[in-house]
Amino acid sequence: MTTPEWLKPGIYGALLGAAFVGIVGFSWGGWMTGGGAEEMANKMAQEEVIAALVPFCLDISRADNERLAKLATIREASSFKRRDAVMETGWATMPGSDGPNRELAQACIEGLDLDAS
């Protein structure tokens with residue numbers, strides 16, 4: 001069976017149109033793959049968990065008997081070492097976890113308002 005000559009441009013047009021729609025949809029249309037959606041959901045969940053744990057970190061810091069000395073140590077640390085200093089205080093360690101959480105320590109620094117008088 002031979003295909004009519006007028007069918008070739010229609011098939012080529014449909015293939016090119018489908019490719020164009022796919023490229024535009026994934027680039028600017030907001031489409032994403034299942035893996036991309038899962039990655040974005042995991043990132044958002046992690047951010048929300050950290051935001052929910054910041055008050056816990058701040059409460060631990062308020063209840064610490066050595067709070068003033070630890071805050072002075074954190075303030076004296078350079079800006080990029082403050083997270084490590086908060087992790088050393090133990091304020092970013094959740095009960096039942098093996099060690100401090102880096103993201104929680106960073107969020108806790110912002111909540112401590114170290115630059116205030």
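**Figure 1. Nonpolar surface patch around Val 21.** Patches are made of residues with over 30% relative accessible area and no salt bridge, where like charges are joined within 9 Å and nonpolar side chains (Val, Leu, Ile, Met, Phe, Trp, Tyr) within 5 Å. Accessible areas follow the Shrake-Rupley method with a 1.4 Å probe, and for residues only the protein chains shown count as cover. The model is predicted: local features need pLDDT of at least 70, side-chain atom pairs count only at pLDDT 80 or more, and totals for chains, interfaces and linings use all residues. Residues are numbered from 1 along each chain as its sequence is written, and side-chain values use heavy atoms, with hydrogens and water left out. Phe 20, Val 21, Phe 26 and Trp 31 make a nonpolar surface patch of about 460 Å². Val 21 sits in helix α1, residues 7-27. Helices (H or I, at least four residues) and strands (E, at least two) are DSSP runs, numbered from the N terminus. Val 21 has a relative accessible area of 46%, so it is partly exposed. The scale is: buried under 20% relative accessible area, exposed over 50%, partly exposed in between (1.4 Å probe, protein chains only).

**Figure 2. The largest nonpolar core.** A nonpolar core is a set of buried Ala, Val, Leu, Ile, Met, Phe, Trp, Tyr and Cys residues joined through side-chain atoms within 4.5 Å. The largest one has 20 residues. Ile 74, Val 86, Trp 91, Leu 104, Cys 108, Leu 112 and Leu 114 touch the most other members. At least two core residues come from each of α2 (34-63), α3 (67-76), α4 (82-89) and α5 (102-112). The largest share, six residues, belongs to α5.

Figure 3. Contact means heavy atoms within 4.5 Å. Ala 107 lies in helix α5. Its relative accessible area is 17%, so Ala 107 is buried. Leu 58 is 49 residues from Ala 107 along the chain, and their C-alpha atoms are separated by 10.0 Å.

**Figure 4. The two sides of α3.** Which residues of α3 are buried? They are Lys 70, Leu 71 and Ile 74. These residues lie on the same side of α3 because they cover an arc of only 100 degrees around the axis. The arc is that of the directions from the helix axis to the C-beta atoms. Packing of the buried residues is against α4 and α5. The face turned away from the buried side carries the exposed residues Leu 68 and Glu 76. Leu 68 has 70% relative accessibility, so it counts as exposed. From Leu 68 to Val 54 is 14 residues in sequence and 19 Å in space, C-alpha to C-alpha.

**Figure 5. Helix α4 and its cover.** Arg 82, Ala 85, Val 86, Met 87 and Thr 89 are the buried residues of α4. Their cover includes α3 and α5. Gly 90 follows α4. The phi of Gly 90 is positive, near 90 degrees.

**Figure 6. Ser 61 in helix α2.** Is Ser 61 buried or exposed? Its relative accessibility is 1%, so Ser 61 counts as buried. Not counting residues up to four places away in sequence, Ser 61 touches Arg 67, Trp 91 and Leu 112.

**Figure 7. Three salt bridges.** A salt bridge is a side-chain nitrogen of Lys or Arg within 4 Å of a carboxyl oxygen of Asp or Glu. By this rule the count is three. Asp 59 and Arg 62 meet at 2.9 Å, N to O. They are three residues apart in helix α2, so about one helical turn separates them. Asp 59 is partly exposed at 45% relative accessible area, whereas Arg 62 counts as exposed at 54%. Lys 70 and Asp 64 meet at 2.6 Å, N to O. Both Lys 70 and Asp 64 are buried. In the Asp 84 and Arg 102 bridge, the closest N and O atoms are 3.7 Å apart. This pair links distant parts of the chain, with Asp 84 in helix α4 and Arg 102 in helix α5, 18 residues apart. Asp 84 counts as partly exposed at 27% relative accessibility, and so does Arg 102 at 39%.
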